[in-house]
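The sequence and the model come first, followed by notes on selected parts.

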Amino acid sequence: MPYSVGLQAASVALLSAGLATHLATAIVVLLLILIVASSCAEDASKKEDAPVSLPGISLLAIVPFFRQRFDFINWGFHATGRSIYQFKLLRNTVIIVSGESARSEFFTARHFDLTEGFKILSGAIPMVKGVTSDLQTKRIALIHKRLAGVQKSDMLSQLIPILLEDSRRMMESWGDSGVFNPFDRIYEVTFQTTVRSLTCSEISNDHAMVARLKRLYDTLDTGTTPATVLLPWIPTPSMIQKLWATKEIYDIIIRAIKQREDGGTAHNDALQMLLDFKDEKLVVVGFIMGLLIAGARATGTTACWLLTFLGGHQEWRAKVQSEVESLLASHPVIDDNVSLTQHLSAIPLDTWEACTPILDSVIRETLRVAQPHAAMRRNLGPDKYINGKLIPTGAYIIYPFSDVHLDADIYPEPWKFDPSREPTKKEFGYVGWGGGKTTCLGTRLAKVELKLITAMFVLGFHHEIVDESGAVASPLPRPDWNDILQCRPPKGSCNVRYRRTAIPL
């Protein structure tokens, strides 16, 4: 276990200290950042073939890059007047690329490494050496192989009724009518279904444990600051909170593994698959810790916005509802009193995947408009050129999805939610599920989750989107791409007003 008693004691002491101690610590950390940054101000832009550098002091780029990334990246293109530019994050050279040819180079480059890119530039995934960070290539490949195993047809088919039952239980707890924030309630549903899909019954059946896991992962998100990412060895309050949350997540998973091993009873879930393959424990823990939050964030954000868009575009809500009703009609059940959960469970996996063009188009368009992703890589070498500009070994490279998904030449009125758009034929003209060498490995599971939750909701509830005063939101608030996790709109501008239909869940 990579945590010492001394560190735990220090954590408790600092977290229980008063505001003055926290403020003093923050000031010391800020001074350290300034000192380190000043000593690392080597300017790589002096090379003739290097991308142009952002104007101004590089230190001033740190906070906006982490807090207002969408606006910061767009400002950089405007300030430099170039499609490729660079800036410094302390010692790290970061290069932002855009445009069709750069996009193609980015997604197909062999030595642009995703894991190394996210480790420095993201920082919100729990880092435990040998478990979720500093992994050997062989171990990473094994985790990816196991993720493919979870998504085999037999496992997904067996998951469908269980995911629907999880959704039913949570949706019934909302009552017959009311108003809620979709970025809280819908996200909770997708977190539960993702926990169910990627962990084990010992965790997913314990509703209090799932809620605790969500709070711990939320702590990792809110505790991600420039200092915790760039200077993780400095014991700021945020860093200690992140470390403590990581330890608790690790302990929860280890206890679940031990409980399964001691119980001696086999289950049909992801943990059992990992144990049956006799994978080393670090692989098992890394699989759950890393993939759980990666899947829950992306699928949760998409589900929240998908149902928000349907609530604000009733014509598309009606189309989705009609499509799901057609699926039910084509798979009749003998008992007229069967619940919606049971009836939806009778629809086979291949039907969900191959016979839902409306749901597919709605998911696709939601990902385009409301997935605030910036793909991050690190050039592991050798040096590479993009559009005649040097990408040196060791540099970090970012491609913002907004460059293509909000490009009016490819998608007229790019902020408009329009699932009827014809798919573009441009190379990498749509990267909602990634592209090239690094497509989303959990795509199949994510699509099934999104379709099941949406089907349950549109048939089980009427809904519309209202603002803080209760008035119907027209137009809908725009996704905030500066919120790199959930793309949340301004607080209070987007709530779901719902009431149950006559169909029993």
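## The buried side of helix H11

In this predicted model, the buried residues of H11 are Met-209, Val-210, Leu-213, Lys-214, Leu-216, Tyr-217, Leu-220 and Asp-221. These residues lie on the same side of H11, because they cover an arc of only 160° around the axis. An α-helix has 3.6 residues a turn, so residues three or four places apart point the same way. On the face turned away from the buried side, H11 carries the exposed residues Ala-208, Arg-215 and Thr-222.

Helix H11 runs over residues 207-222 and has 16 residues. From its first C-alpha to its last it reaches 23 Å, close to the 22 Å expected at 1.5 Å a residue.

## What H11 packs against

Two packed helices are described by the angle between their axes and the distance between the axes. For H9 and H11, the axes come within 10 Å and cross at roughly 110°. H9 is therefore roughly perpendicular to H11.

Which residues meet where H9 and H11 come together? On the H9 side they are Tyr-187, Glu-188, Phe-191, Gln-192 and Val-195, and on the H11 side Val-210, Leu-213, Lys-214 and Tyr-217.

## The chain as a whole

The protein chain has 21 helices and 13 strands. Of its 505 residues, 53% are buried. Among contacts with a separation of 6 or more, 77% are between residues 24 or more positions apart.

Asp-350 belongs to helix H18 (residues 349-354) and counts as exposed, at 51% relative accessibility.

Arg-146 sits in helix H7 (residues 137-150). Is this arginine, Arg-146, buried or exposed? Its relative accessible area is 7%, so Arg-146 is buried. Apart from neighbours within four places in sequence, Arg-146 is in contact with Met-273, Leu-274, Phe-277, Asp-279 and Phe-287.

Helix H21 (residues 443-460) has 18 residues, and its end C-alpha atoms are 26 Å apart, which agrees with the 26 Å it should span at 1.5 Å a residue. Because 16 of these 18 residues are buried, H21 is largely enclosed by the rest of the structure.

## Cysteines

The structure holds zero disulfides. A disulfide is a covalent bond between the sulfur atoms of two cysteines. Cys-200 counts as buried, at 1% relative accessibility, whereas Cys-355 is partly exposed, with a relative accessible area of 42%.

## Backbone details in the loops

The bond from Gly-381 to Pro-382 has omega near 5°, and Pro-382 lies in the loop between strands E6 (374-379) and E7 (384-386). The bond from Ser-474 to Pro-475 has omega near 0°. Pro-475 is found in the loop between strands E12 (461-466) and E13 (495-500).

Asn-387 has a phi of about 50°; its place is the loop between E7 and strand E8 (389-391), and it is partly exposed at 43% relative accessible area. For Cys-487, phi is near 60°. Cys-487 lies in the loop between E12 and E13 and counts as buried, at 0% relative accessibility.

Notes: Residues numbered from 1 in each chain as written. Predicted model: local features only at pLDDT ≥ 70, side-chain atom pairs only at ≥ 80, totals over all residues. Heavy atoms only, no water. Helix = DSSP H or I, 4+ residues; strand = E, 2+ residues; numbered from the N terminus. Expected span 1.5 Å × (residues − 1). Buried < 20%, exposed > 50% of the residue type's maximum accessible area, 1.4 Å probe, protein only. Arc of directions from axis to C-beta. Disulfide = S-S within 2.5 Å. Axes fitted to C-alpha atoms, helices over the stretch in contact; angles between N-to-C directions. Parallel < 35°, antiparallel > 145°, perpendicular 65-115°, else oblique. Contact = heavy atoms within 4.5 Å.
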